[in-house]
Amino acid sequence: RQMCIRDRFGTYSLYIYSKNGDLILSNNIWNIIRLLKEEEVIISRSYFKLMLGYWGVDIDAKTLFEGVMEVNAGFNIEIDINTAEITSSKYYSLEQDPKYSIEEATTKLDHDLDYTFSRIAKLNTDKTLGFGNSGGLDSRLVPIYASQNNLRSIGLTTVNEKPKMFFDSITKLNAQKIANHYNIPNYCISHIVRRHDRRMVLDIRNNPFGPSQLLKNGYDQLPKFDYYVTGGNGFIVGGAWQNLLSLKSDNEFKEKFLSYHSKFNAYLWGNGNLELLNRLFSKNDQELIASQKIRFFEQNKHKDRLSLIRSFHQFSMNKRSPSGGFESMNRLYKTYNIYYPIVFENTLNWKAEFFPGRSVLKNLIRKKSETLYNIPSQNYDRLDGRPLSIKEKIIRRLANKYRNIGLDYENWVLDKDFMNYANEVFSRKNDLFFDYLNMSKEYFISLDIMSNLRPHVSLDFLKLKRIFDIVEYREFEIFDEEIFRIKQ
């Protein structure tokens, strides 16, 4: 018997195909698919619906292709080589053990980040570090500790380059302030691209089931750097889920958790499209998708609320980010995450009240640099939480209305060249795709989903259609470009 182990945080992908005594393992699912006979490549209808209806990974480790599993983070897989039988067991479960004061948490975070960057420096002598500079909190921490450890670095900001009505986005302004403070180059990466399909192919190759990176990953416009350092979204060390912690009854908590971050709600954004929602997802589909979160809750209900919520974000919603998204430039660069593994371990000793507002990070930034601490947040608030003056509130309201925003997906998907690309993809003949959608190609195209659905949903349709076409027409050779090979 042989054992395979997926790391606790799902940083590195592991796919396994097992059928009729055949066994194939790979860190890239397409290496498996292209080895199979045409009749052996079967797209799962249920997983197809899951990708369109759920922000998270399959609790049973299934994928879009029947017979291929993706080992979930924190699991052991034991394989009987003679029979190709696979058994799995969970070896890691996130549990909070709150014991640090805010001062202790800040001091330990400072120590952990300095140690992390000192290790990065030893492994990358005389090389250039690239990091995504969004102007947020992580974007302030990276240059602080890069400078402290004498690392040469450059910032990268995906943003609208041109101002809107003379106003640049807060993302661009904050990013430049951070870069200027540390005297490092910062490059604005435009979403505008003339080879959309090349970006799509890269995303499908190295991030097949994660959120689309098509408009986010400007890999084809990057300046030269040698390795990448990334932070994480707010759910890792604080986030928007704090309201769940304060609910009074357990029943109310369960009810709110099960409706939390529902992808179905995204279909009703703006003018909404209830007809599409009901036509796409049968009652049975909706129940199967809902069962993912119900089963997750039942498996973790013994945990305190903070442990349960963090487990959900770490191992379901956000698991794909480290292993293929923008956080590693679709795995094109050797990537270090400033929170894994050392910092994350110590956050397990943080108290629940440290997470709302990311108070520990703000505490640390103030300790390290008053200049960076005084740069406003992405929504123009002060980091110290002091209320804005009437004048500042008026300025913020005007800025929110008239400034560009950083990742302006709602407008980017309406770009003429992008719309032409989307129409070209959706118009290509593929009976299976539209059969799975339960609608004709003509009806689907008439819905104009790129204009009428939230981009985070419409881009998933586009990505799935391109996957179906690659499989239908056996276009696997498009994955063979040397630049697309996984470096992470």
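This report walks through a predicted model of one protein chain, from its overall build to a few single residues.

## Overall build

The protein chain has 488 residues. Its secondary structure comes to 22 helices and eleven strands. The radius of gyration is 23 Å, close to the 23 Å that the globule rule gives for 488 residues, so the chain is as compact as a globular protein of that length. Along its principal axes, the C-alpha trace spans about 60 × 55 × 55 Å.

Of the 488 residues, 55% count as buried. Take the contacts between residues at least 6 apart in sequence: 76% of them join residues at least 24 apart.

## Surface and charge

The protein chain exposes about 22,100 Å². Carbon and sulfur atoms supply 50% of that area. There are 69 positive and 59 negative side chains. The centres of the two sets lie 5 Å apart.

R8 sits in the loop between β1 (2-5) and β2 (15-19). R8 counts as partly exposed because its relative accessibility is 26%, which falls between the 20% and 50% cut-offs.

Which residues touch R8, beyond its neighbours within four places in sequence? They are A73, G74, Y91, Y92, F315, P341 and E345. With E345 there is a polar contact, side chain to side chain, at 2.7 Å. F75 shows how the fold brings sequence positions together: R8 and F75 are 67 residues apart in sequence, but their C-alpha atoms are 7.5 Å apart in space.

## A cis peptide at P341

P341, one of the contacts of R8, lies in the loop between β11 (335-337) and α13 (342-347). The peptide bond from Y340 to P341 is cis, with omega near -5°. Most peptide bonds are trans.

## Helix α4

Helix α4 covers residues 138-148 and is mostly covered. Nine of its eleven residues are buried. The buried ones are D138, S139, R140, L141, V142, P143, I144, Y145 and A146. In an α-helix, residues three or four places apart point the same way, because there are 3.6 residues a turn.

After α4 comes N150. Its phi is positive, near 55°.

Most residues other than glycine have a negative phi. N183 is not a glycine, yet its phi is positive, about 55°. N183 is found in the loop between α5 (170-181) and β9 (186-189). Its relative accessible area is 71%, so N183 is exposed.

D448 is not a glycine either, and has a positive phi of about 50°. D448 is in the loop between α20 (441-446) and α21 (449-452). Is D448 buried, partly exposed or exposed? At 31% relative accessibility, D448 counts as partly exposed.

D469 has its place in helix α22 (residues 455-472). Its relative accessible area is 1%, so D469 is buried; the cut-off is under 20%.

Leaving aside neighbours within four places in sequence, D469 is in contact with V425, R428, K429, N430, R474 and E475. Among these contacts are R428, K429 and R474, and Lys and Arg count as positive. E475 is also in contact with D469, and Glu counts as negative.

Key
Residues numbered from 1 in each chain as written. Predicted model: local features only at pLDDT ≥ 70, side-chain atom pairs only at ≥ 80, totals over all residues. Heavy atoms only, no water. Helix = DSSP H or I, 4+ residues; strand = E, 2+ residues; numbered from the N terminus. Buried < 20%, exposed > 50% of the residue type's maximum accessible area, 1.4 Å probe, protein only. Contact = heavy atoms within 4.5 Å. Polar contact = N/O pair within 3.5 Å; in protein donor to acceptor, adjacent residues only side chain to side chain. Rg over C-alpha atoms; globule rule 2.2 N^0.38 Å. Areas by Shrake-Rupley, 256 points an atom, 1.4 Å probe, with all protein chains shown as cover. Charge placed at Lys NZ, Arg CZ, Asp CG, Glu CD.
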